[in-house]
Amino acid sequence: MTHAIAPARTAAPAAAPVSSRSLWLDALRVTAGISIICMHAANAPDGSPFADATPAARAAPVLIRTVFYLARTELFLIISLFLLAMSLHRRPRPYATTLAEQAQRLLVPFLFWVAVYVVFNLAVGYRLGWGHYLLRDLTTMVEPWVGYLVLGDVKQHMHFLPTLFALVAFYPLYRVAVRWPALALALVPLLILRQDLSHMVWNQIFDPELRQYALRLVRILTYTGYGLVAAALYGVYLRIGAGGQSGSLTGARRRRLHRGLLGSFAMLGIVCLYLKLAQAAATIEAGSWQSNYPFAGYANLLMPVALFGLAMLTPVPWPRWIGRLAPYSFGIFLVHPIALDLFRLMFETRIDTPTLYVLANMGFAVTLSYALALGLARMPALRWTIGLGPAPRPWARARAQPPVATPTA
């Protein structure tokens, strides 16, 4: 990935056709959304890999989780930052304008879902007998609210929105990688740095709350590597297009670059999958998550890069129905904790077989998440909460309305 690309003002490389671009990106969005749901659904109710079951009984759930863990929230990050690079290339905007647009798209829905999950958590808490403790903390302490609004820890994966917005703030740095895609390789030392800094934070910061903020800062600063990857992939996309077609390069040069990159992403994916399967085998044997299994952490963090590269470069005739599901991917990401909690409340003590529990949980959570997202999409006043349209601005509408004439006698 060493070929340079001319600045946008001096060259306008031909991009891939919109339909081709949409389908492979849509496939990635659907994969990421469903994987997030199924990854959580493959856990035992207590979050373990069914520690009380035998290794044979927990083998299928662990392997199912390993498959769906291929697409993590990092894949959503790459997709979002890739689309940002594309948008800025086609329609350059000032820095302040870009941040304002992203704040409206990310932070306004985030605040809505924080409020929703505060109420939902209280409802679940009162159902399980601990709601009054949560209400006491929310009404007497500031720390939970700061955590909800800054860390996004009101519910699993809600941290994605503030984290993505923080990463967007570094986008001028990423745009260099559109011209020089080899900068994507900086992700590897940044991930190594993340691990070293995280260990240092755990060893030197003993206040649990302060430690969480330090860890989040480390994540944001090192995850700028994913911004470089996304911009570099967009630079590659401009050169050779989706599936190796319709880019600015022509002839043998494009074919060589396409084959080389496709082979590299395939090799990266194979290595990551091998490490993840080895980690899964250790988890099945031990009955606990083997998070320190050698190099498996790096495999988890690099697999989304391989998936994105393979989806972009492999000439696959993606089915068009993917395009109809993709707009709801952000929505199912936001609502899936509701489905998971409802399943746990209804079936936690009724299904004893680990594999059956996981399959039922996955089917229930995916179905209900899509149903909730579709329902919100059909409500004009709430479509914006799942990324379908801008948030309402009553003050803007008030200014736009003509003055009402006063009746005369």
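User: Before we turn to this predicted model, which convention decides whether a helix crossing is left-handed or right-handed?

Analyst: A crossing is left-handed if the near helix is turned anticlockwise from the far one by less than a right angle, and right-handed if it is turned clockwise. In this predicted model, α3 passes α11 in a right-handed crossing.

User: How should I read the geometry of such a pair, and at what angle do helix α3 and helix α11 pack?

Analyst: Two packed helices are described by the angle between their axes and the distance between the axes. Here helix α3, residues 73-90, packs against helix α11, residues 224-240, at an angle of about 55°, and their axes are 8 Å apart. The two helices α3 and α11 are therefore oblique to each other.

User: Which residues of α3 and α11 meet?

Analyst: On the α3 side they are E74, I78, L81, F82, A85, M86, H89 and R90, and they meet Y226, G227, A230, A231, L233, Y234, Y237 and L238 in α11. Sorted by class, this contact of α3 with α11 holds twelve nonpolar, two polar and two charged residues.

User: How do α2 and α12 lie relative to each other, roughly parallel or roughly antiparallel?

Analyst: The axes of helix α2 (residues 55-68) and helix α12 (residues 251-286) cross at roughly 150° and come within 9 Å. Angles over 145 degrees count as roughly antiparallel, and α2 and α12 are therefore roughly antiparallel to each other. Their crossing is right-handed. The contact is formed by P55, R58, A59, V62, L63 and T66 of α2 together with K276, L277, A280, T283, I284, E285 and A286 of α12, and its residues divide into eight nonpolar, two polar and three charged.

User: At what angle do the axes of helix α4 and helix α5 cross?

Analyst: The axes of helix α4 (residues 95-128) and helix α5 (residues 131-140) cross at roughly 145° and come within 7 Å. From α4 the contact takes V118, N121, L122, G125 and Y126, while α5 supplies G131, H132, L134, L135 and L138. By class there are six nonpolar and four polar residues in the contact of α4 with α5, and no charged ones.

User: Moving up to the domains, how is the protein chain divided, and what area is buried between domain 1 and domain 2?

Analyst: Domain 1 covers 21-71 + 289-388, and domain 2 covers 74-248. Their C-alpha centres lie 19 Å apart, and the contact takes 39 residues from domain 1 and 40 residues from domain 2. The area buried between domain 1 and domain 2 is about 3500 Å², with carbon and sulfur atoms giving 80% of it.

How values were computed: Residues numbered from 1 in each chain as written. Predicted model: local features only at pLDDT ≥ 70, side-chain atom pairs only at ≥ 80, totals over all residues. Heavy atoms only, no water. Axes fitted to C-alpha atoms, helices over the stretch in contact; angles between N-to-C directions. Helix = DSSP H or I, 4+ residues; strand = E, 2+ residues; numbered from the N terminus. Parallel < 35°, antiparallel > 145°, perpendicular 65-115°, else oblique. Contact = heavy atoms within 4.5 Å. Nonpolar A, V, L, I, M, F, W, Y, C, P; charged D, E, K, R; others polar. Domains from an automatic or database assignment. Buried area = accessible area lost by both parts, 1.4 Å probe.
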